[in-house]
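Please look over the sequence and the structure before reading on.

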Amino acid sequence: MAKSKIQINFLEHTPVGAYHHLRFIDRLKETDAFPLKPSALDIFQMNLGKMCNQVCKHCHVDAGPDRKEIMEREVMQLCLDAIDQSGASTIDLTGGAPEMNPNFRWLVEQLSGRGKRILVRCNLTIIVANPRFNDLPQFYKEHGCEIISSLPYFTAIRTDAQRGSGVFEKSLKALKMLNAVGYGQEGTGVKLNLVYNPSGAFLPADQLSLQQQFKKKLKTLYGIEFNELLTITNLPISRFLDYLIQSGNYEGYMEKLIQSFNPSAALNVMCRNTLSVGWDGYLYDCDFNQMLDLPITTQSAHIRDFDPVQLMQREIVTNKHCFGCTAGAGSSCGGSIA
Ligand code: SF4
Ligand code: SF4
């Protein structure tokens, strides 16, 4: 599995990492939240592969067009069997660009037939990347998918700096196509949520104020509408960790996260109600642990041995990166927590 050299060295060879992890455990103990345990299995998150048409600077998946890891249909079927057993209400499809998986549409059809709430983490540009993806907005709508898409800012300069040259223009085009079939419009029943994450070593501003700002700007400047803005804190892993180390911001950022520890966010971190499945069927407490190769602690950590009872009894694997979920208003794949 390709992973940046800096990250591997950093995780394995520095005592600073272990020290910060102990500090996280201490904070959990003070909050009466140690060991961290699941509360329910509501959200089943599936990583359909690391292939992506973009190479964003802060991507925690290290995704890109050269990545070959893809979830096979056999693993998808094991996931569907597990979903049937688990009673999870929400299925969160992520990647890479999940739509680049050749079995993506088959999977969505299977899930919509089961009446599940389906979240698709769509990077927007995939919709306009190739004519074979142009009908995605209609396909999403037909299956009631909720779309969650990153848009770092309402200007080209900041969006392109984080996600690549030309991404802003393509994202606007895709957003208009989603709006045209009803996404982001009141009363249509199909939701389009945008995701904001900071462009540097700082915490996101207040979610609601940012949402108001984004709504006003996108509507007046481009005629684009969306439902909610979700703010996500950058966790110190993968490409963002490389950036922190290379720019000399690592210690300052970690201290910021640690000093902003919020007990109420800690009690509601997403790993308590989510299970994350890797492209190869291995199970993790969350997407971030997946990227760090920290599997769940049950006897078997593979979807083929899915056991909902054992899963509920496990201890969640934490490390220093968890401070990213508990800082300030808290952060999860669904936005701020507290
Ligand atoms: S679009 Fe998403 S998965 Fe693809 S490189 Fe960007 S952040 Fe990573
Ligand atoms: S990084 Fe994962 S395991 Fe750690 S607190 Fe956040 S969701 Fe939970």
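In which cavity does ligand 2 sit? The model discussed here is a predicted one, and in it ligand 2 is found in the second largest cavity.

## The second largest cavity and ligand 2

The cavity that holds ligand 2 has a volume of about 100 Å³. Its lining is made up of 15 residues, and V269, C271, C286, C322 and C325 are those nearest the centre. Sorted by class, this lining contains 12 nonpolar and 3 polar residues, with no charged residues.

Around ligand 2 itself, the surrounding residues are L235, V269, M270, C271, C286, F288, N289, I316, V317, H321, C322 and C325. This shell has 10 nonpolar residues, 2 polar residues and no charged ones.

In total, 34 residues line the largest cavity, and C59, H60, V61, S150 and R163 lie nearest its centre. The lining divides into 16 nonpolar, 14 polar and 4 charged residues.

The largest cavity is the space taken by ligand 1. The residues surrounding ligand 1 are C52, Q54, V55, C56, C59, A63, G96, N123 and R163. By class, this shell consists of 5 nonpolar, 3 polar and 1 charged.

## The largest pocket

A separate heading is given to the largest pocket, which has about 390 Å³ of space. Which residues lie nearest its centre? They are I43, S332, C333, G334 and G335, from a lining of 23 residues. By class, the lining of the largest pocket comprises 7 nonpolar, 10 polar and 6 charged residues.

Three strands, β1 (43-47), β3 (117-121) and β4 (146-150), each supply at least two residues of the lining of this pocket. The largest share, 3 residues, comes from β3.

Is F44 buried or exposed? This residue belongs to strand β1, and F44 counts as buried because its relative accessibility is 0%, which is below the 20% limit used for buried residues. When neighbours within four places in sequence are left aside, F44 is in contact with C79, A82, I83, A88, T90, I91, D92, L275, V277, I303 and F306. Between F44 and Y183 there are 139 residues in sequence and 23 Å in space, taken from C-alpha to C-alpha.

The second residue, A33, lies in the loop between α2 (15-30) and β1. A33 has a relative accessible area of 10% and is therefore buried, the limit being under 20%. Not counting residues up to four places away in sequence, A33 touches L28 and L267. A33 and K173 are 140 residues apart along the chain, and their C-alpha atoms are separated by 45 Å.

Which residues of helix α4 are buried? In this helix, residues 104-113, the buried ones are F104, W106, L107, V108 and L111. An α-helix has 3.6 residues a turn, so residues three or four places apart point the same way. The buried residues of α4 pack against β1, α3 (73-86), β2 (90-94), β3 and α6 (136-142). Following α4 is G115, which has a positive phi near 75 degrees.

In α10, the buried residues are S238, R239, F240, L241, D242 and L244. Just after α10 comes G248, with a positive phi of about 75 degrees.

Definitions and conventions: Residues numbered from 1 in each chain as written. Chains lettered and ligands numbered in written order. Predicted model: local features only at pLDDT ≥ 70, side-chain atom pairs only at ≥ 80, totals over all residues. Heavy atoms only, no water. 1 Å grid on protein atoms, 1.4 Å probe; cavity = no way out; pocket = protein on both sides within 12 Å on 5 of 7 lines; lining within 4 Å. Points joined across faces, edges and corners; volume = space filled by probe spheres on them. Helix = DSSP H or I, 4+ residues; strand = E, 2+ residues; numbered from the N terminus. Nonpolar A, V, L, I, M, F, W, Y, C, P; charged D, E, K, R; others polar. Near = heavy atom within 4 Å. Sits in = over half its atoms within 2 Å of the grid points. Buried < 20%, exposed > 50% of the residue type's maximum accessible area, 1.4 Å probe, protein only. Contact = heavy atoms within 4.5 Å.
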